[in-house]
Amino acid sequence: MAERSIVYLDNNATTRVAPEVAEIMQPLFCDLYGNASSMHSFGGQMARYVNRAREQVAELIGAQPEEIVFTSCGTESDNTAISSALETQPEKRHFITTRVEHPAVLAMGHLLENRGYEVTWLGVDSRGRLDLDELAASIRKDTALVSIMYANNETGTIFPMRDIARIVKEKGAQLHVDAVQAVGKEPIDLGELPIDYLALSGHKLHAPKGIGVLYVRRGTRFRPYLRGGHQERGRRAGTENVPYIVGLGKACELAARFMQEERVQVSALRDKLEKGLLAAIPNAIVNGDVEKRLFNTSSIAFEAVEGEALLLMMDQYGICASSGSACTSGSLEPSHVLRAMGVPFTYAHGSIRFSLSRYSTEAEIDTVLEVFPPIVKKLREISPFTRGR
């Protein structure tokens, strides 16, 4: 039986490890396996690998190497930043974030509410955009931290981070940015952007899963989330994951090299996919801000179908994407992002996110354009949303 080919359009969930990244990591598992914190030269050479990776990450985001803290993932980076900002400002009991954040930030907001903090949840409009006047009016003297993502993981909507940072700094608050989806896709220069904390994750830019970074601006008071050894200049205890750190460094180097070329190629493929689907399928809308979004992301809502059914039928053809809804306790609920945007009920349930990478091909897009419209047509014929029409 022939192996089914995979059409992978779920890169906002995770990316394939770049071959160049896998190649540079391989010797660090079995040959160069020393502990980077060891005093002997065999381990000491690992520290040099880590330092070079730190430089590569810093170069991609316009930071200084000493401002880079290696973590296990974006979630750890987000949690660490929020916890640190609150611990170093115990007199401030107000936290601001948005209703469309990643669960790593949403969960922290709910936890803080349970601990007696006041949390302001900023809304978005129908295109997923923030009201900057609402942001400015929400910041108070007792605001410990404002946490706003750089780009939304579901819709790709990019927030105006330069304006956000200016407002937050003028009001005297600290700013944390979840940039997990933006790093490697959007040019970021933290030498110009006054951001205090920024999180990124390796597996979103062709590094392995299980490695992330927290940027901490020089001079920012900091309390570690993981305590123990002296690694990461005392900011994150635990033996350094040298192979993955080195892999992330290489991935950042590649991202800096290919970003502009990737923007042109991938956005062209995304636009072909999006226009083709909208032309072939009636009653479909694009979620988010089509003018200011990640070049690799297209979130489309199809009326009168369920996202999970679409994904299951797509999977039969080897097509990988994500749904904009989640099944909880047997009842279908649209994602918190779509609810915050006010996407109509009958559309929100049928929302699909396609997210491409530099490895995506035109042949893959052609496959989706051939297969997907008949799937929607078939599901609409049996959909409870269309019965009785």
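**Exercise 1: a helix pair**

Helix α4 passes helix α5 in a right-handed crossing. The model is a predicted one. Describe the geometry of α4 and α5 and the residues that form their contact.

Solution. Start with the axes: those of α4 (residues 74–87) and α5 (residues 103–114) cross at roughly 35° and come within 9 Å. Next, list the residues: α4 contributes T75, D78, N79, I82, S83 and L86, while α5 contributes A104, V105, M108 and L112. Finally, sort them by class: six are nonpolar, three polar and one charged.

**Exercise 2: R236**

Determine whether R236 is buried or exposed, and find its contacts away from its sequence neighbours.

Solution. First locate R236, in the loop between β8 (212–216) and α8 (242–280). Its relative accessible area is 16%; buried means under 20%, so R236 is buried. Beyond four places in sequence, R236 contacts V69, F70, T71, S72, E76, L226 and Q231. Of these, F70 is 166 residues away along the chain, with a C-alpha separation of 7.6 Å from R236. The side chain of E76 forms a polar contact of 2.8 Å with that of R236.

**Exercise 3: T157**

Which polar partners does the side chain of T157 have?

Solution. T157 sits in the loop between β5 (143–147) and α7 (161–170). T157 has 1% relative accessibility and is therefore buried. One partner is the side chain of T155, at 3.0 Å; another is the backbone oxygen of R127, at 3.5 Å. Leaving out residues up to four places away, T157 touches R127, G128, Y150, A151, N152, G288, D289, K292 and R293.

Technical notes: Residues numbered from 1 in each chain as written. Predicted model: local features only at pLDDT ≥ 70, side-chain atom pairs only at ≥ 80, totals over all residues. Heavy atoms only, no water. Axes fitted to C-alpha atoms, helices over the stretch in contact; angles between N-to-C directions. Helix = DSSP H or I, 4+ residues; strand = E, 2+ residues; numbered from the N terminus. Left-handed = near helix turned anticlockwise from the far one by under 90°. Contact = heavy atoms within 4.5 Å. Nonpolar A, V, L, I, M, F, W, Y, C, P; charged D, E, K, R; others polar. Buried < 20%, exposed > 50% of the residue type's maximum accessible area, 1.4 Å probe, protein only. Polar contact = N/O pair within 3.5 Å; in protein donor to acceptor, adjacent residues only side chain to side chain.
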